[in-house]
Amino acid sequence: MNTYKLVVAGPRGKMGREAVALCLRESQFELVAVIDTQHDGALLKDLDGYIEGDIPVYTNMERCFSELHVDVLIDLTTPAVAKTHMEIALAHGVRPVVGTTGFTEDDIHSLRAQAEQKGIGAVIAPNFAIGAILMMKFAQMAAQYMTDVEIIEQHHDAKLDAPSGTALKTAQLISEVRAPKTQGHSDEEETLAHCRGGDFEGMRIHSVRLPGRVAHQEVLFGGEGQTLSIRHDSLNRASFMPGVKLAVEQVMTLKTLVYGLEHLLD
Ligand SMILES: NC(=O)C1=CN([C@@H]2O[C@H](COP(=O)(O)OP(=O)(O)OC[C@H]3O[C@@H](n4cnc5c(N)ncnc54)[C@H](O)[C@@H]3O)[C@@H](O)[C@H]2O)C=CC1
Ligand SMILES: O=C(O)C1=N[C@H](C(=O)O)C[C@H](O)C1
C-alpha cells in the first residue's frame, strides 16, 4: 500500500480541521506538518481545538518543505495566499491539492505551466463533494437542451469570495456546451444595482450569504412551459473529505494540473 507524507495549510480553519482529521485517521496518510499563520515551532496538539498530534507547526512554507520530505500539500486557506502556496509547493516538488477558491483562469494557466515544467501533478478542486460534481455535470448536460440558466449559490456569511468557486466552475462547464446568449428582456433595467446578479456569458449568478448555511447551489433552467432545478447541498464539511482523499491519491499519478474533481472521477 502506498503511503503519502502530507502537509495541511490552514489547520485552524473549518476545512483545515476536517482535512487534519482525515490525515490522522487514514492509515496510508502521514501528516508530517501543518502550515499556520501563527504558532511557529509549536505542535499541532498546542493549537486551539486539538488534543493530539506531535506534529510540527510551521509559519514558513519554504522552510517546511526544505526541512521535511513532503509528497502532497493540502491547501485550505484563503484566496489571497493559495496561489503563492501552490507556487512554493511546486518549486519544491510537492504536489498541491487545493480546495481554496478564488483562482482566475490566468492563475490556473500559469500554475499548470509550472506543474508541467516540474513534471508533477497538482489539483485545484473548487468543490470536493461528489454530489456537487454530479450537480455540475447534470447541469452541463441539461444546458445543451435548455439554454436559459441562472445559478443561485448559498453559503455561510464567513465566505470571502463571491461567486463561489463552484458557481464559476458550473458556469464554465455550461459554457463548453452553450453559446453565449443574453437572457431576460432585451430592455430590462436594474432599478437596484446588481439585482440581476453576475453575468457570465449571459448566465446570471446570484450569491446568497447567510449565517446557518454551509454550501448549497441550485442551477435553474427555464424553457417554454417548463422549468428544471438541479440542486446540491453540503450539510457539513465532512461531505468534502472523500473528494480530498481521492485527490491526494490521484495527484501522485498526474504530471499536470487538473482543475476540477470531475477529471479524476471519469
Ligand atoms: N473545494 C472545496 O470543496 C471547498 C473549498 N472551500 C474553500 O476552502 C477555503 C477555506 O475555507 P474555510 O475552511 O471555510 O475557511 P476558514 O476561514 O475557516 O479557514 C481558513 C484558514 O486559513 C488560514 N490561513 C490564512 N492564511 C494562511 C496562511 N498564509 N498560511 C496558513 N494558513 C492560513 C486562516 O488562519 C484560517 O484558519 C476557502 O477558500 C473556501 O472557499 C471550502 C469548503 C469546501
Ligand atoms: O467557502 C465555502 O464554504 C465553500 N467554498 C467552495 C466554493 O467556493 O465553491 C466549495 C463549497 O461551496 C464550500
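**Reading the annotated site**

Analyst: H155 is found in strand β7, which spans residues 148–155. Please bear in mind that this is a predicted model.

User: Which feature does UniProt place at H155 and K159?

Analyst: The unreviewed UniProt entry places the feature "active site" at H155 and K159. Such annotations may be inferred rather than shown by experiment.

User: Where is K159 found?

Analyst: K159 is found in the loop between β7 and α6, the latter being residues 165–175.

User: How is burial judged, and is H155 buried or exposed?

Analyst: One counts the other C-beta atoms within 10 Å, and 20 or more make a residue buried. H155 counts as buried because it has 22 C-beta neighbours inside 10 Å.

User: Why is K159 partly exposed?

Analyst: K159 has 15 other C-beta atoms within 10 Å, and is therefore partly exposed.

User: With which residues is H155 in contact, leaving aside its neighbours within four places in sequence?

Analyst: With those neighbours left aside, the contacts of H155 are S164, R209, R213 and A215.

User: Let us turn to the strands. Which residues point one way from strand β4, and which the other way?

Analyst: In β4, residues 72–75, V72 and I74 point one way, whereas L73 and D75 point the other way. All of these residues are buried.

User: How many bridges join β1 to β4?

Analyst: Four bridges join β4 to β1, residues 4–9, and these strands run parallel.

User: In which sense do β4 and β5 pair?

Analyst: β4 and β5, residues 95–98, pair in the parallel sense over four bridges. D75 has V98 in β5 as its bridge partner. From β4 the chain crosses through helix α3, residues 79–91, to β5, and this β-α-β crossover is right-handed.

User: Finally, the ligand. Which of the 24 residues around ligand 1 come nearest?

Analyst: Of those 24 residues, G10, G13, M15, G99 and F128 come nearest to ligand 1.

User: Which helices each supply at least two residues of the shell around ligand 1?

Analyst: Helices α1, residues 14–25, and α3 each supply at least two residues of that shell. The largest share, three residues, comes from α1. Helix α3 is also the helix through which the chain crosses from β4 to β5.

User: How does the shell around ligand 1 divide by class?

Analyst: The shell around ligand 1 has eleven nonpolar, ten polar and three charged residues.

How values were computed
Residues are numbered from 1 along each chain as its sequence is written. Chains are lettered from A and ligands numbered from 1 in the order in which they are written. This is a predicted model: local features need pLDDT of at least 70, side-chain atom pairs count only at pLDDT 80 or more; totals for chains, interfaces and linings use all residues. A residue is buried if 20 or more other C-beta atoms lie within 10 Å of its own, exposed if 12 or fewer, and partly exposed in between; C-beta atoms are placed from the backbone. Two strands pair if DSSP finds at least two bridges between them. A crossover is right-handed if, with the strands pointing away from the viewer, the path from the first strand over the helix to the second runs clockwise. Two residues are in contact if their C-beta atoms, placed from the backbone, lie within 7 Å. A residue is near a molecule or strand if its C-beta atom, placed from the backbone, lies within 6 Å of it. Ala, Val, Leu, Ile, Met, Phe, Trp, Tyr, Cys and Pro count as nonpolar, Asp, Glu, Lys and Arg as charged, and the others, Gly among them, as polar.
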